[in-house]
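Me: Got a fold open here and want to walk through a few spots. Can you take my questions as they come?

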Amino acid sequence: MPSRPESPPVRMHADELDVDEALVERLVAGQFPHWAGLGVRRVTSAGTDNAMFRLGPGRVVRLPRLPGGARQIGTEHHWLPRLAPHLPLTVPAPLALGEPGAGYVLPWGVYAWLDGTDAFDAPPADLTAAARELGRFVAALRSVDAAGGPPSYRGGPVRAGDADVRTAIRDLGAAGALDARAATGVWEDVRRVPDWGGAPVWLHGDLLPGNLLTSGGRLTAVIDFGCFGTGDPAADLLPAWAVFDAGSREVFRAAAGADDATWERGRGWALRFGLTAEHYYGEVCGNGTNPVLAAVARRTVTEVLAER
């Protein structure tokens, strides 16, 4: 799992919960005393919804950092063991589900540690091979029976983000950080694409570089299922523009099996993510709290607009 050099945690949201090593030590000692004393160390990452801490050499503790994150950990612990056998890339293996306690009000979880480096810090050496592997992962996930699955955070119509997208275009364009006319043109094209008419399917919902692990230059694992659930498969096409380039994008599309309308909605999700993430986390118009995610967002928008 990702591990950058340690730095003081930055509050990205006004309503973040206070989470630190001392809290994790108390939670582990109180609920899983057989793991007490293993040592706890914060893992620095660009994730926005969860805090992660190494627990000894082979485990990681994951705690939602926002009050609305109560569902995430339980969903991962229930569904990931059921989905993992069907997927061609490694996903987190839940080990224990923790309860609120020690002053922390949400469920939390312990997982097996996955070796590797996130794809922002260590991009795949062969983007074409990675595109094929991740496309197969998306197709395999989509093919698993989704009956009874919870809706994904990004499982609804992409056009539902219209107000936020237009605000971001206005502000970033006024600041000289965006070709507002080109972005508006792409967004209007996306709004004309029909919504998904099929049954909801499984999707990860957040296939960004920080949630992909590489080792030895190869894509090896997909982590952080905080947006995971069911809905329109278009959101899982986001990495076509957030991770891949013009030379590998069609390989990803072919492996994922995306039809024309789903592909266009996926492009809309990429634009929506890129604009709103840059607008919120970037230095120009946002709070400047997540330069890594802002960089991914800018890159994603650039790739989308380059295709127009």
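**Arginine first, then the sheet**

Reply: Start with R42: a polar atom of the R42 side chain lies 2.6 Å from the backbone oxygen of V19. Keep in mind that this is a predicted model.

Me: Where is R42 placed?
Reply: R42 is in strand β1, residues 40-43.

Me: Which side chain of opposite charge is nearest to R42, and how far away?
Reply: That is E21, 4.5 Å away. R42 has no salt bridge, yet R42 is buried.

Me: Switching to the sheet. In what order do the 3 strands run?
Reply: The order is β6-β8-β9, in an open sheet with antiparallel pairing. The edge strands are β6 (117-118) and β9 (218-222), and each pairs on one side only.

Me: Over how many bridges do β6 and β8 pair?
Reply: Over 2 bridges, in the antiparallel sense; β8 covers residues 212-215. T117 stands opposite T214 in β8.

Me: Which helix packs on that sheet?
Reply: Helix α3, residues 127-143, touching β8 and β9. The direction of α3 makes about 25° with that of β9.

Me: New topic, D162. Buried or exposed?
Reply: D162 counts as buried because its relative accessibility is 19%, and buried means under 20%.

Me: Where does D162 sit, and what does D162 touch?
Reply: D162 is in helix α4, residues 162-174. Leaving out residues up to four places away in sequence, D162 touches W187 and R191.

Me: What joins the side chains of D162 and R191?
Reply: A polar contact of 3.4 Å.

Terms used. Residues are numbered from 1 along each chain as its sequence is written. This is a predicted model: local features need pLDDT of at least 70, side-chain atom pairs count only at pLDDT 80 or more; totals for chains, interfaces and linings use all residues. Side-chain values use heavy atoms; hydrogens and water are left out. Helices (H or I, at least four residues) and strands (E, at least two) are DSSP runs, numbered from the N terminus. Buried means under 20% relative accessible area, exposed over 50%, partly exposed in between (1.4 Å probe, protein chains only). A polar contact is a pair of N or O atoms within 3.5 Å; within protein, one must be able to donate a hydrogen and the other to accept it, and residues adjacent in sequence count only if both atoms are side-chain atoms. Contact means heavy atoms within 4.5 Å. Two strands pair if DSSP finds at least two bridges between them. Axes are lines fitted to C-alpha atoms, for helices over the stretch in contact, and angles run from 0 to 180 degrees between N-to-C directions. Lys and Arg count as positive and Asp and Glu as negative; His and the chain ends are not counted. A salt bridge is a side-chain nitrogen of Lys or Arg within 4 Å of a carboxyl oxygen of Asp or Glu.
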